[in-house]
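My notes follow the structure.

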Amino acid sequence: MSLSPDEREQFLAEPHIAALSVDAGQGRGPLTVPIWYQYTPGGEPWVMTAAGSRKARLIEAAGCFSLMVERTEPTLRYVAVDGTVSRIEPGTEELHAELAHRYLPPERAEKFLEYASAELGEQIVIYMKPRHWLSADLGAI
């Protein structure tokens with residue numbers, strides 16, 4: 001059963017790990033990787049990645065990407081959204097902290113942020129303008 005627009009947006013707003021997919025070029029399947037993301041219902045989903053990474057270069061070249069999130073309990077439910085890149089901005093410490101605290105307990109988030117600051121280098125934030133949605137709740141199967 002498909003989710004309503006409100007249900008799918010609420011589900012996407014939960015802190016799931018997304019599968020990000022982007023066209024990887026002729027003769028290749030899409031690049032698909034797990035990623036943290038942020039989303040507020042009615043807004044634009046965004047991801048943060050290393051500037052110049054393969055993922056960033058492919059998204060910039062394609063101009064679009066997809067995110068898919070799922071759960072298996074208490075019901076089998078998923079939401080997939082794809083859309084065009086609306087903007088790319090430099091990553092900030094505030095946005096990095098927002099993501100870390102979305103996915104990690106406070107003490108682990110702070111340790112991750114220390115690591116990220118020392119090891120991950122320049123980050124960019126890629127925003128998506130949602131174009132197409134696919135969602136379902138298959139119940140408790």
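I count a contact when heavy atoms lie within 4.5 Å. I note that this is a predicted model, where local features need pLDDT of at least 70, side-chain atom pairs count only at pLDDT 80 or more, and totals for chains, interfaces and linings use all residues. Residues are numbered from 1 along each chain as its sequence is written, and side-chain values use heavy atoms, with hydrogens and water left out.

**Fold.** I looked up contacts between residues at least 6 apart in sequence: 72% of them join residues at least 24 apart. I took helices (H or I, at least four residues) and strands (E, at least two) as DSSP runs, numbered from the N terminus. The chain has four helices and seven strands. Their order from the N terminus is α-β-β-β-β-α-β-β-α-α-β.

**Surface.** I used the Shrake-Rupley method with a 1.4 Å probe for accessible areas. The chain exposes about 7,900 Å², and carbon and sulfur atoms supply 52% of that. Buried means under 20% relative accessible area, exposed over 50%, partly exposed in between (1.4 Å probe, protein chains only). Buried residues are 38% of the 141 in the chain.

**Helix α3.** Which residues of α3 are buried? In this helix (residues 93-103) they are L95, H96, L99, A100, R102 and Y103. I viewed them down the axis of α3: they fall within an arc of 160° (directions from the helix axis to the C-beta atoms), so they line one face of the helix. The face turned away carries the exposed E93 and E94. The buried residues of α3 pack against α1 (5-13), β3 (37-38), β4 (46-50), α4 (106-119) and β7 (123-137).
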